[in-house]
Amino acid sequence: MVHRGRSHGYLPHTADAGLVARAPTLAGLFEEAALALAELAADNPGLEGAPVPAGPLNAGDLGGLAFAWLNELIGLAESAGQALVGATVTRLDRAGDGWIVEGRALLAPWGEAGLQGRRHVKAVTFHRLVVEEGRAGFALAAYVDL
Amino acid sequence: MAPRMGRGPAEPVRDMPADPGLTHVPPLPRARIPDAPVALEQVDEWRWRIPRDTRRGMRVDGLVFADERLMAHLRDDPALGQVANVATLPGIVGASLAMPDVHWGYGFPVGGVAATLADGGVISPGGIGFDINCGVRLLRCGLNRGDVTRVATRLADELFRAVPTGLGARGGRHLGPHELDGVFSAGAAWAVQRGLGSPEDLELTEELGEFAGTDPASVSERARQRGGDQLGTLGSGNHFLEVQAVDRVLDSDGARALALAMDQVVVLIHCGSRGLGHQVCTDHLAAMDRAAARYGIVLPDRQLACAPLGTPEADGYLAAMAAAANFAWANRQVISHAVRGVFGRIFGRDVGEDMRLVYDVSHNIAKMERHRVGGREIQLCVHRKGATRALPAGHPDVPARYRGVGQPVLIPGDMGRYSFVAVGAPGAMEQSFGSTCHGAGRDLSRHAASRELRGVDVAAELARQGITVRAQRPDLLAEEAALAYKDVVAVVEVAAGAGLIRPVARMRPLVVIKG
C-alpha cells in the first residue's frame, strides 16, 4: 500500500525476513519502517495504539540509527507485553558527528479487538542494513531475526 | 538409515517475490551484498572447501560439511558467502566451518562454527545469535508409544496449557531484580534449588546448566524487562515441545548407555533465552559496532561486529552471554518440571517423577575451549551458531555415565518426520572443534512454505500421520511444515559420514506443541 508517498514491503529469507520501507523524508521513513516491523509481528485489526516514549537514541550513521530505532521499538513492546502497531518520529536530526532520533512507539494489548501475534520478531540485524537517499526520497532495508 | 525423501531443489531465495500476504514494493535499494556466491572445491564425499583466495580478506579457508545432494541446494545460497565472510574474522584459526544443516543467516550462517584465538582473536555476538543458548533438552520415561497414543489429545491439551507459548506469553512468576540475578548466576540450579528438578538434571546438562563468569551488571535493564516474565515459556517460531517415540535403534551400545530403547517415549524441548537473550545480543552488537573503528576492525558484513578478546566490550559481552545462557538453562529446567507434572497427572505420579533427563545441549553459544591446532593445544573461543558441541568418548567434559560412548548430541528434525539422538565422535575434535549440526536446517523461506501449502490444513495432515499438534496460530503451521526443512536423515548421514557423530536412535513425533 502506498500512502502519502510512503510504502513498505518484505523480502524473503530462509529462516527470517527482510523489510523494505520508502518515504519522502527520513522521519517518514523511520515511521514506515516501524509499520513494516509491526505488520510482520502482528495481525492488527486497525488499532492505533497508545504512545510510549521511544528514545532519544544516537548513532554515528543512519544505518546505526535505524538499528537502534527499530530495536528500541521491539524492546519497548516486549517489555510492556504488548504489540507494536506503529510509531511516530518527533525528532530526527544530525547531532554532532552523528544522528539522533526520538519519537513514540504505539502499543496495543494482545487480544484487544482481535489483535493477534503473527511472528516473534527478536531483533533487527545489521545484515544488509541500508538507509539510502534517492531521487524520490529515502529507502531502508533490513533483515530481522524471527 | 532410511533413504532420503525426494524433493526438488529449493528455489533461489533472492529471486522470490515478497510475501503474498503483504505488499510488494520496488526491489531492494542498491546495496552492498556481502554474501555473493563463492568458489567451491569438493574435498571428498562429505566436505567442500571454499579457498581462502576466493574473497579478499579471508584469513582461512571455508569448510562445508555436505554431500552432493545437500550441496545441490546450497550452491547458490547466501550461506556459503557468509562462510567466506566469517573467515575474515581476526584471529580465526583452522577454517570457517559450515555444518550440513547450514542455511542463510545474518553475518554468520546458521550452522556456522568459528574458532578464534583466545589471545589475539575476537568474539562476535552474531556468532552466537540473538537467542543465546537456544538449545535442546531430551527427557526419557518408562512409557511406550501405545501409552501415549491412547491419550494423545488430552496430553497435547494439557501440555499446551502447562507450558506458555507464543507471542506475549508469560511464565508463572515475575522475576524481580534479585531473583533474576540469582538465575543469571546459578542457571538451571536456580530452578533445582526451588524444587523444580533434581541434581541429576544438572549433571546431565552441558556446563552443568551453569555458565561461569556471569556478571548481572552486564545485563541491561531493557533485557531484564523483556525477560522478567518469560521464565518457563517456550517462545514461538521454530521452538517446540515434542513427545516422541524411539522408532529405530541405530547403535545398541549407545542406546544402552543413554537408557533408550525401541518404542520408548521421550520428550524433546527446544527453546532458549527468550527476549532477555535477544536484548543482550542487540545491546552488545551495538557496542561492538560502535567500537569497531577504534580497534581497526573492518568487516564485510556489519552483523559480524566483534571485539578483541580481553577488551571491555568483549568481557562485557561474555559476562552477559553467560548470564543469558544461564537464563535459558533455567528456562528449560522450569519447562521440564511442567512437563513432568503433566505426565504425572495423566499417567500417574511415578511416571512423572521417573522422567529422567538424557541430556541438555546448547546450539547458540561461545565457549573457551582447548583444541589442537597445528600440532599444539591452544585456548580458543569457539563460536557455535546453530551448531552443537559433540565430544567423543573419553573426553573429560562428557558426563561420567556417558564417557564410555561420548556426549549425547540432540538433532531435532521437523514436526512431520524424525529427530535423532547421537553421540560425539573423534572426527569432531579433529575437524570441527568438537562440533556438529543442530537440526534439519531450513530449506524454504516462511512465505515459500506457506505458498506451497496454501489451502492445506497442516494440523489435519499431521493428524493423519498420527501426530497431534497444538499451536497458538494453527494457520501459520505451514511455515514450520516438513517441506520447509532439509531432510534431517540426509543431514545426519553427512555428519556421521564425516565422522563428527555416531547416530544412536531415531525418534518420531507423536504430540507437537508449537509456539
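Predicted model: local features only at pLDDT ≥ 70, side-chain atom pairs only at ≥ 80, totals over all residues.
Biologist: Among contacts in chain B with a separation of 6 or more, what percentage joins residues 24 or more positions apart?

Modeller: Such residues account for 78% of those contacts.

Biologist: Why is helix α2 of chain B described as largely enclosed by the rest of the structure?

Modeller: A residue is buried if 20 or more other C-beta atoms lie within 10 Å of its own. Nine of the nine residues of α2(B), residues 78–86, are buried, so the helix is largely enclosed. Among them are B:P78, B:L80, B:Q82 and B:N85. The buried residues pack against β2, β3, α1, β4 and β5 of chain B.

Biologist: How do you know that both faces of strand β9 of chain B are covered?

Modeller: On one side B:Q264, B:V266, B:L268 and B:H270 are buried, and on the other B:V265, B:V267, B:I269 and B:C271 are buried. Thus eight of the eight residues of β9(B), residues 264–271, are buried, and the strand is mostly covered.

Biologist: Which strands pair with β9(B), and in what sense?

Modeller: Two strands pair if DSSP finds at least two bridges between them. Strand β7(B), residues 135–144, pairs with β9(B) in the antiparallel sense over seven bridges. Strand β8(B), residues 240–249, also pairs with β9(B) in the antiparallel sense, over six bridges. B:I269 stands opposite B:R137, and B:I269 is also the bridge partner of B:L241.

Biologist: Why is α5(B) called roughly perpendicular to α11(B)?

Modeller: The axes of α5(B), residues 177–186, and α11(B), residues 312–347, come within 7 Å and cross at roughly 95 degrees. Angles of 65 to 115 degrees count as roughly perpendicular, so α5(B) is roughly perpendicular to α11(B). B:V183, B:F184, B:S185 and B:A186 meet B:A323, B:N326, B:F327 and B:A330. The contact residues divide into six nonpolar, two polar and no charged.

Biologist: Why are β4 and β5 of chain A placed at the edges of their sheet?

Modeller: Three strands form an open, antiparallel sheet in the order β4-β6-β5. β4(A) and β5(A) each have a single partner strand, so one side of each is left without a neighbour in the sheet. The twist averages 20 degrees from one strand to the next. Eight bridges join β4(A) to β6(A), and A:V52 stands opposite A:A105 in β6(A). Helix α1(A) packs on the sheet, touching β5 and β6 of chain A. Helix α2(A) also packs on the sheet, touching β4, β5 and β6 of chain A.

Biologist: How many residues of chain B are in contact with chain A, and which element gives the most?

Modeller: 50 residues of chain B are in contact with 42 residues of chain A. β4, α8, α10 and α14 of chain B each give two or more residues to this side, and α10(B) gives the most, with nine residues. The residues of this side divide into 20 nonpolar, 18 polar and 12 charged.

Technical notes:
Residues numbered from 1 in each chain as written. Chains lettered and ligands numbered in written order. Axes fitted to C-alpha atoms, helices over the stretch in contact; angles between N-to-C directions. Helix = DSSP H or I, 4+ residues; strand = E, 2+ residues; numbered from the N terminus. Parallel < 35°, antiparallel > 145°, perpendicular 65-115°, else oblique. Contact = placed C-beta atoms within 7 Å. Nonpolar A, V, L, I, M, F, W, Y, C, P; charged D, E, K, R; others polar. Buried ≥ 20, exposed ≤ 12 C-beta atoms within 10 Å, placed from the backbone.
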